[in-house]
Amino acid sequence: TVYYQPQMSIRDKKILGVEALVRWIHPVEGMIPPDKFIPVAEMSNLIHEIGLYVLNQACTEFSTLTKAEIFKGTLAINFSSRQLQFNDIKESLYKVLLRSDLDPSKLEIEVTETLLMQNPEKISLILNELRELGITIAIDDFGTGYSSLSYLNTLPIDKLKIDKSFIDYITTDEGNKSICKAIIAMGNSLNIKTIAEGVETKEQMDLVESLGCDEIQGYYFAKPMDIEGLRKFILENKVQE
């Protein structure tokens with residue numbers, strides 16, 4: 001199934017978007033986290049089917065919120081290495097957007113920095129093809145993949161997601177703080193928005209805000225929730241304007 005975690009503006013604390021997160025609710029084992037089953041899905045080539053299921057469900061559910069004018073933000077969906085490199089990925093995305101009647105500008109595709117650097121030329125071509133559909137692109141787990149900073153300027157990137165591992169110790173480790181500061185400054189210079197993942201305390205939020213980060217995502221504001229939980233969260237927080 002699909003859960004959603006809000007992404008908030010760091011300045012006015014309003015919800016700007018949500019990230020779709022896949023979950024497996026097993027009839028016996030209960031909630032199984034994605035880090036347990038996604039690697040298996042990738043090795044068995046089931047990741048394409050799972051990816052299409054998540055894409056369809058998330059776009060369809062999210063589209064109901066936008067059509068009802070409950071929410072005007074964006075939907076972010078993470079794409080794995082195998083999923084992104086399937087030959088029909090652009091066509092599949094186009095069909096899903098058409099079927100769900102979701103405005104392409106409302107969809108954001110996330111790819112990890114590690115994936116980006118595995119084959120930067122090929123991935124760049126794929127991302128540019130997806131960009132032609134009108135969607136936006138974010139680099140997930142940024143700071144962990146040893147990417148060439150000069151190469152970033154040639155990519156169709158709209159957002160950098162600062163990896164949670166840096167946020168975890170940002171208030172106690174000067175090295176992590178310096179890395180976050182550098183990422184945010186680089187994003188500003190390239191006109192790329194930045195979002196801090198895994199923000200769990202007010203101290204972390206205040207620090208990334210002081211560094212100039214644009215958005216935050218994490219348990220401090222909201223845990224992942226199903227679509228009804230998201231609808232309730234949006235209405236209760238009066239963030240639909």
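This is a predicted model: local features need pLDDT of at least 70, side-chain atom pairs count only at pLDDT 80 or more; totals for chains, interfaces and linings use all residues.
Trainee: In which sense do E8 and E9 pair, parallel or antiparallel?

Mentor: Strands of a sheet pair through backbone hydrogen bonds, in either a parallel or an antiparallel way. Two strands are taken to pair if DSSP finds at least two bridges between them. Here strand E8 (residues 159-162) and E9 pair in the parallel sense over four bridges. E9 also pairs with strand E10 (residues 215-217), in the parallel sense and over three bridges, and there the bridge partner of Ile 195 is Glu 215. Between E9 and E10 the chain crosses through helix H10 (residues 202-210), and this β-α-β crossover is right-handed; that is, with the strands pointing away from the viewer, the path from the first strand over the helix to the second runs clockwise.

Trainee: In what order do the strands close into a barrel?

Mentor: Eight strands close into the barrel in the order E1-E2-E5-E6-E7-E8-E9-E10, with mixed pairing. From one strand to the next, the twist averages 30 degrees, with axes taken as lines fitted to C-alpha atoms and angles running from 0 to 180 degrees between N-to-C directions. Within this order, strand E7 (residues 136-142) and E8 pair in the parallel sense over three bridges, and Ala 138 has Lys 159 in E8 as its bridge partner.

Trainee: How many of the residues of strand E9 are buried?

Mentor: A residue is called buried under 20% relative accessible area, exposed over 50%, and partly exposed in between (1.4 Å probe, protein chains only). In strand E9 (residues 193-197), four of the five residues are buried, so this strand is largely enclosed by the rest of the structure.

Trainee: Which residues of helix H1 are buried, and where do they lie around the axis?

Mentor: An α-helix has 3.6 residues a turn, so residues three or four places apart point the same way. In helix H1 (residues 34-43), the buried residues are Phe 37, Ile 38 and Ala 41. They cover an arc of only 105 degrees around the axis, which puts them on the same side of H1; the arc is that of the directions from the helix axis to the C-beta atoms. On the other side of H1, Asp 35, Lys 36 and Met 43 are exposed.

Trainee: What span does helix H9 reach from its first C-alpha to its last?

Mentor: The expected span of a helix is 1.5 Å times one less than its number of residues. Helix H9 (residues 174-189), with 16 residues, reaches 22 Å, close to the 22 Å expected. Its buried residues are Asn 176, Cys 180, Ile 183, Ile 184, Met 186 and Gly 187, and they cover an arc of only 160 degrees around the axis, which puts them on the same side of H9. The face of H9 turned away from this buried side carries the exposed residues Glu 174, Lys 181 and Ser 189.

Notes: Residues are numbered from 1 along each chain as its sequence is written. Side-chain values use heavy atoms; hydrogens and water are left out. Helices (H or I, at least four residues) and strands (E, at least two) are DSSP runs, numbered from the N terminus.
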